[in-house]
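Work through the exercises below with the sequence and the coordinates at hand. Each task is followed by a solution in steps.

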Amino acid sequence: MLGKLDWSAIPFDQPIPLAAGGVVLVAILAVLIWVVVKGHLPYLWDEWITSVDHKRIGVMYILLASVMLLRGGSDAIMMRIQQAVAFQSQGYLPPEHYNQIFSAHGTIMIFFVAMPFVIGLMNLIVPLQLGVRDVAFPTLNSVGFWLTATGALLVNVSLVVGEFARTGWLAFPPLSGLSYSPGVGVDYYAWSLQISGVGTLVAGINLVTTVLKLRTRGMNYLRMPMFCWTTLASNLLIVAAFPILTATLAMLLLDRYLGFHFFTNEAGGNVMMFMNLIWAWGHPEVYILVLPAFGIFSEVVSTFSGKALFGYRSMVLATMAICVVSFMVWLHHFFTMGAGPNVNAIFGIASMIIAIPTGVKIYNWLFTMYGGRIRFATPMLWSVGFMVTFIIGGLTGVLVAVPPADFMLHNSMFLVAHFHNVIIGGVLFGAFAGFEYWFPKAFGFRLDERWGKAAFWFTFTGFWVTFMPLYIAGMLGMTRRLQHYDVAAWRPWMIVAVIGMAVLSIGVICQIMQLVVSIRNREALRDRTGDPWDGRSLEWATSSPPPVFNFAFHPDVRGEDAYWDMKVRAQQQSLEHEDPEYHDIEMPRNSPTGFVCAFFATIMGFALIWHIWWMVILGGLGAFATFVVFAWRDHDEYVIPAEEVARIDRVNLEERRSLVSMAGAI
Amino acid sequence: MSMTATAGRAHADPHHIGVVVEHPGPASKRIVTAYGFWVFLLSDIVMFSCFFAAYAVLHGQTAGGPSGAEIFEQRNVAIETVCLLLSSFTCGMASIAADVRNRFWFYLGMTVTCVLGLIFLAIEFREFADLIARGYGPTRSAFLSSFFSLVGCHGLHVSAGVLWLLTMMAQVFAKGFRADVLRRMMCFALFWHALDIIWVGVFSVVYLLGSAA
Amino acid sequence: MTDQTHIHGERDLAPGQDEQHSVGERILGYVVGLALALLLTATSFFIAGTDLVWQPSIPVALIVLAIAQMGVHLVFFLHITTGPDNTNNVLALAFGLLVVFLVVGGTVWIMSNLNANMPPMDQIMMRQ
């Protein structure tokens, strides 16, 4: 009746996961009870859970990413402490538990922190920058978010019910095959990624279509803000790369569930094909994450330098070059696995070539700052911190792109330091920069600068103190994923790293404090103009937070830096426009499709993991029925009457005119 | 005067070379929907390419089991191919009928498409069942694993297509040729034609090359 | 964003859209496509089973025929053409095909290289 599921699935003998799971469960229950008792449930359901507004969905993506960041961060702290104490001893984490922790850390940080964070920011900002009212497929957008949340939920359920994979974040066979991993850990891993992968694909299709087909009048390709270009490139990569992940994991699951022989050691299966296919997805994935971050830095650097982005066209070219070349380098993840010198050389050279467009970008940002009037607000601090940090990560990347060097450094702590260097220094700093930069747009008030700067400095310092020692440990021969070790020379570096981790944690606490303090002081920090940073692109042309329809009129774009251009023109011309004629606006209606669909996907995923076949069928039928019900509805849009549009828009216009006239007076 | 001049220039320069064309604004829903679905289809084709790649790598790994030449029956494959091709044609007829809002021809075209799709699935199912009964199931060798996955994945897509087709017919019956129904019909036609394109790859690479080699 | 509002100056076609033609012309397009596809299919099946042509050319011929037939499907059934209104559709297709080519070609190349350099133990034994 319940497949493989019974009471032995709950790890009563392991205090750490049980306690952690218990605390989380109690916290979730407490929040739920508070929501219900306070009567917030209808508000949450109407305004958030069923919302198809791209801004709301973006915020929910970022919320999911932030919560998961805390989960993945706790894993990181546990690993650092383990390696600091496990010198000539077993430490405090038994091997089978430690292996689950590093697997969960990698999986969560990539799929449920970095991905939702950048997708959330793209969702929130791209339609605003394009000057349109919504994304191409609003309801599918909601489906995509909730499927991502389903994946995150399943990974976290594995903490309490059953176990997680012990195979590392990419689950290489034969270790992840049925003979070496007979438990449900790998199944949790694979099904949560399959489900959230569908969600990511949906988001990718949605954003590609939005950028290519929904742009306001005059928004030609070469007038799009840089963030829209990197969004386009990143989502093209999602659309082209995530199917590879889906197919590869499907093959692994067929091996595990039906006894196929794709990656087994028997009957002609080929383990190496898994490495090959998974990295054909895995390398583009790196650029899926970092390209949007590059876009954020472009926006931030240009805004806070008070200058147009230097070399806009070369930046576009570099972005699209990365988009294509990122599909030609994947073998550098397995140089050491036996390919001949010709293959290794070509992929090595391609990997070095891809550093060139990235270098072009760095120079463009530097020249944007050159001669600018730079304001070091928190987003700008993150951007400058990124440039310093990312260059080191990029250079060590070029180092391991050289096959002979890679033979020395492969799977060492040097590699661990390298990819944390680019992912934290690139993606996470970018996500934080975007968070600080666009928070006022999303919520209508700025974040506290003092706590923000403290968060930056602690995180920045903590990052360097944590990860530079890992480079050295790698040079000293320390391999990754060690549960304990006996080499005395590594010990000091592990201790320095754990101190760095403590500093990094203070940074995270500062970030939380920043949010708390800013919410408390929100009246003082209120952004009334919609343009708190003296911005250059169209998201600043509407109020903060924007009305549900974003713009009363589709803005008319006449050049790059559309909003800056408008501000300049408005100062030259008279500000006294006669009142424009407002029209009714049609917006998509909210729909519970995404939530209900994810509910059935959760049931189905859980049932597949535990081999509860009747429940699988139930979940599948439920999901299909959800879509049929959605397809059958008669009214998918509602109308906001012209008077309402006028009322909302006039308030915004008044504030803005007073701002511009003040600026003109100065 | 100026209008004729513009018209003349547009005529001489049909691709607007050398003219900065202002982007006209957001596209219509029909274009947005179809384009999004087109992007989805491309991603689906990338997914199939992985199964093709796996087949290309593993097709020699028979592990003492049968090779492709020993188990493929070209007659069946030819019938399957003709079924899918004809169904692509009838699906095209159904979408024309939907565009001109002709219910009779729409239902007829969709029904024939559905029947042809079911015949295809029945033949494929019989082939699979027969192979498994002879002990040549996907667990026999890596070659058979990749063969069953590639062809089975296409078969699953056709099954999903048939389910979608029936839902489409029910929706036209219940709602008529509404704008959103027509958009879905356009997506369905794209899907069905794309499956046929993938089948061209399957029968050429798997069945014909496999039995030739 | 609605179907009724026709935006002035739209130069865009949806994939699969073929609206300039009358119903008769559209049906004719499908008939021509079907005939061509059937012809190419028949040729493929004929070539695969015959010994009238030089045997080593057969795989190449089959692949060329398959690509030709995919082209026929794209043009006559999916209406992907090279017209200016179809640019986005063709570009997306080109990107997809590039990725397909890289994944399939790269995989076959890498895996054959790995197999040649690191053959299974029994093959190493056989060489000696």
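Accessible areas here come from the Shrake-Rupley method with a 1.4 Å probe. The model is predicted.

**Exercise 1.** Find the accessible surface of chain C and the share of carbon and sulfur atoms in that surface.

Solution. The accessible surface of chain C comes to about 7200 Å². Carbon and sulfur atoms account for 71% of this area. Of the 128 residues in chain C, 38% count as buried.

**Exercise 2.** Classify the aromatic pair of Phe439(A) and Phe445(A).

Solution. A search of the whole structure gives 81 aromatic pairs over all chains. In the pair of Phe439(A) and Phe445(A), the centres are 5.3 Å apart and the planes make an angle of 75 degrees. Planes over 60 degrees apart count as edge-to-face, so this pair is edge-to-face. Both Phe439(A) and Phe445(A) are buried.

**Exercise 3.** Over which rings do the charged ends of Arg215(A) and Arg536(A) sit?

Solution. The charged end of Arg215(A) sits over the ring of Tyr221(A), 4.1 Å from the ring centre. For Arg536(A), the ring is that of Trp564(A), with the charged end 4.3 Å from its centre.

Terms used:
Residues numbered from 1 in each chain as written. Chains lettered and ligands numbered in written order. Predicted model: local features only at pLDDT ≥ 70, side-chain atom pairs only at ≥ 80, totals over all residues. Heavy atoms only, no water. Phe/Tyr/Trp six-rings, centres within 6.5 Å; stacked < 30°, edge-to-face > 60°. Buried < 20%, exposed > 50% of the residue type's maximum accessible area, 1.4 Å probe, protein only. Lys NZ or Arg CZ within 6 Å of the ring centre and 35° of its normal.
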